[in-house]
Amino acid sequence: MLNRMKGSYFSKLVFSHIALTLVLVTVIGGLLLEKTERMMSEEMRQTGEARLSSVKQKLEKELLESYHSALLNRALNTVRPEAESEINYLLEHGRGDSYSRMARFTQDLKTLSFTLPLLHNISFYFFKDDFVLDQYYHEAPDTSPQAELLRSGAEITPNKWFLRTVPDNDRSITEQTPVLTYIHTLPFLAKGDRVKGYMIVDLDAAKVIQDASQQLGHEDRLLIFAEDGQQINGSSAVDADTLTWVHGELAAHREATLEREQSVITISPAKDSLFNWHYVLIRPQYSALVMTQQMKQEIWIFGIALLLLGLAVSIIASRQVYGTFADLVQRIRAVAGLNKTTSPHNVMGSVEQALGLMDQQKRSYLQERKEKQWRALLSGLSKPFEGEVLLPEAQGYTPVYMELSGTDIERLYGQLHAEPESAFGLRGDWVILTARSAYWILMSDLDRDDFHAAVSEHLEQALRRSGGDIRFRAGIGTEVTKLEDLSWSALEAQTAARYGFLQRENRLVRYQEVQHRPSVYPDIKPDTFELLLRGGSVEEIEHYLEACENTLLASGTTIEMVELLIMQLGISLSKVCMLQDESEKEHALEPLRFTLFDTMAYLREQSARLVLSRTEKRNERNERILSGIQSYIQAHIHEDISLEQLTELTSYSKQFICKLFKDELQMTFVDYMTSERLSHAAALLTSTNESVGHIAERSGFRSSQYFATKFKAEYGVTPVQYRQANGKIKFNLG
């Protein structure tokens, strides 16, 4: 067999493949072994720089951005909705005699400190009357932790994070605490002469750095130094020799990845930091060496396996190559008309099928890249994509943002894609964000009114064809001529879509319709809602919610203000639910629904359920309270019992107790006490031989004459006559 294969075309193919395999294994293995350590060194450098960049990104942007003024303002409103109005009151009127108001506000700040773990202190400085509120009331800034900042004479730069040191919250500690400070002008975002105070937010720098370091490996150590080389903090302790060496490198302005003994040290330039900080990452080098040795072993194993595989594949591949070559020659001859015979093995059909599959994969890949580029543009990235731009060119781009609610949403998406664009003169690309939200980037030459009508008709037809109970909120932004400007127009479309919350029917809202809405505060009186929940009827609550709905629709205010007011109603409902029954807590925490009308229907439903539950529990509670009061009165009938005593005993108000007697017994408290005292006296008259005066005193009457008058009015006879008429007492005269 070997003699027969010798010199044949097939044997040459086999030996050629074997030789090629050996050459590839030798060349590739040698190159990999030669470059392994350099590659690992570069990997350590890149990994160190990437981790430092990640820590710096989280610390200086993500963590600090999360404490921006808008979030803190919402946090104050969550603690107590009236906090913002009290800030405005103190800005306008100063402290005056509003000590109770300031006490509530300092208590709110204490509550807020518990909810924000990185917060060191938050202070409010009011120009009017020159005083400071934090967790305490400071009559002047000189007694507050912000004294150095406010009295230093240096210009205060608001809306910017900066590093400083402040006294510790515990006044017994004399050490200074490093903090990151952000100063807001009051009222929020005020400028120039409109500024009436400051809100000063101090974050504990050590806690912020510790939180940002959690994403590092358990063996990584992070150090942070100020621009002058002073150490600010770190994730863990470092030995003195390493610390001295790092100080020397910083003094020499060496900012790169360096090696020292068994460690790899990466130093980040201070100029790249928002606070001009040096970030230093220390990583053990032994792990990299172990990985290098392991990689060498894997390369040798891979080379040997590749060699053995090559020997087997060479024979198989040679046969396939030879057969494919022969078939290819035959097909070429057939196409040329030289030979009509077809091969029994459809090798070329497999090749064509593979090419078709690759073409399909290419189209899918290009479509994914195209959608990724759209998403990058819509998110407003400064460098949205690299490489070839796959987005279509047009004279203008108009984004439409849509939010969906209901079932069969995927079917609606299919109808939107399948709808012929030419029917409306529209051309655009869909960018699906989530299962319930998407952007439609349109490119059309229609004028504004026709364009809006065409888009609305397109959405309505797709909705009718898809069926189901689907609703949408859609907004359309301003047309832009440059792709770089698409992000702010997309934000306009998203803002406009939010106003679909105020629409009863599906509607496409233009940003121009809502951009100039004033941020007014409709007077819906959330406190009234809470009072009605506590004691009103279902009809009163429904009347109130209907008035709220009409007020919100007629006010023309911003959607943010509407959502804030709805959340206040939800907080009131949640508060009453929690006070009434702890198990009801989860039913009222998310009042916002797809539209304002759905939200109001939800609030009506929850309120009716709450009133029904309250009525049932109130009857049980009233019976329990009244029974306790009656028992107390029976036991202390001889005492001078007043409403004040019952108030202290039951912790209920005098008005409530009076109403309780009126509702449950159909008599006043005074009438009930008189009736009980007379009943007690009548029992004593027939069961004891005590004098009338003593019985009057034991029954709680301080005047015998008054007792006799009341007794005769009640029983028609005097006490003595009553005893004689009902007397069965054998007087003991001995």
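**Ground rules.** I am working with a predicted model, where local features need pLDDT of at least 70, side-chain atom pairs count only at pLDDT 80 or more, and totals for chains, interfaces and linings use all residues. Residues are numbered from 1 along each chain as its sequence is written, and side-chain values use heavy atoms, with hydrogens and water left out.

Entry 1: I started with a sheet. Helices (H or I, at least four residues) and strands (E, at least two) are DSSP runs, numbered from the N terminus. Two strands count as paired if DSSP finds at least two bridges between them. In what order do the six strands of the open sheet lie? I read the order as 3-2-1-6-5-4, with antiparallel pairing. Strand 3 (137-138) and strand 4 are the edge strands, each pairing on one side only. I then looked at strand 1 (residues 119-126) and strand 6 (residues 197-204), which are antiparallel and share seven bridges. Ser 123 has Ile 200 of strand 6 as its bridge partner.

Entry 2: Next I picked Glu 175, which sits in the loop between strand 4 (162-167) and strand 5 (176-186). Is Glu 175 buried or exposed? Its relative accessibility is 59%, so Glu 175 counts as exposed. I set contact as heavy atoms within 4.5 Å. Leaving out neighbours within four places in sequence, I found Glu 175 in contact with Val 166, Pro 167 and Asp 168. I also checked Thr 165, ten residues from Glu 175 in sequence, and the C-alpha to C-alpha distance is 9.4 Å.

**Entry 3: strand 11.** How many residues of strand 11 (residues 278-284) are buried? Seven of the seven are, so the strand is largely enclosed by the rest of the structure. Both faces are covered: one side has His 278, Val 280, Ile 282 and Pro 284, and the other has Tyr 279, Leu 281 and Arg 283. I looked for the partners of strand 11 too. Strand 7 (residues 221-225) runs antiparallel to strand 11 and is joined to it by five bridges, with Phe 225 opposite His 278. Strand 10 (residues 263-268) is also antiparallel to strand 11, through six bridges, and here Val 264 stands opposite Arg 283.

**Entry 4: His 247.** Not counting residues up to four places away in sequence, His 247 touches Phe 225 and Gly 229. I noted His 247 as partly exposed, with a relative accessible area of 32%. Gln 230 is 17 residues from His 247 along the chain, and their C-alpha atoms are 8.7 Å apart.

**Entry 5: strand 14.** Here is another strand with buried residues on both sides. Six of the six residues of strand 14 (residues 437-442) are buried, so it is largely enclosed by the rest of the structure. Ser 437, Tyr 439 and Ile 441 point one way, while Ala 438, Trp 440 and Leu 442 point the other. Strand 12 (residues 398-405) is antiparallel to strand 14, with six bridges, and Val 400 has Trp 440 as its bridge partner. Strand 13 (residues 428-434) also joins strand 14 by six antiparallel bridges, and Asp 429 stands opposite Ile 441. A hairpin of two residues leads from strand 13 to strand 14.

**Entry 6: helix 24.** Which residues of helix 24 (residues 719-726) are buried? I listed Pro 719, Tyr 722 and Arg 723. The face turned away from the buried side carries exposed Gln 724 and Ala 725. Among the elements covering the buried residues are helix 21 (669-687), helix 22 (692-698) and helix 23 (704-715).

**Entry 7: Arg 723.** I stayed with Arg 723 of helix 24. A salt bridge needs a side-chain nitrogen of Lys or Arg within 4 Å of a carboxyl oxygen of Asp or Glu. Arg 723 is buried yet has none, and the nearest side chain of opposite charge, Glu 690, is 6.9 Å away. The backbone oxygen of Glu 690, though, lies 2.8 Å from a polar atom of the Arg 723 side chain.

Terms used. Buried < 20%, exposed > 50% of the residue type's maximum accessible area, 1.4 Å probe, protein only. Lys, Arg positive; Asp, Glu negative; His and termini not counted. Polar contact = N/O pair within 3.5 Å; in protein donor to acceptor, adjacent residues only side chain to side chain.
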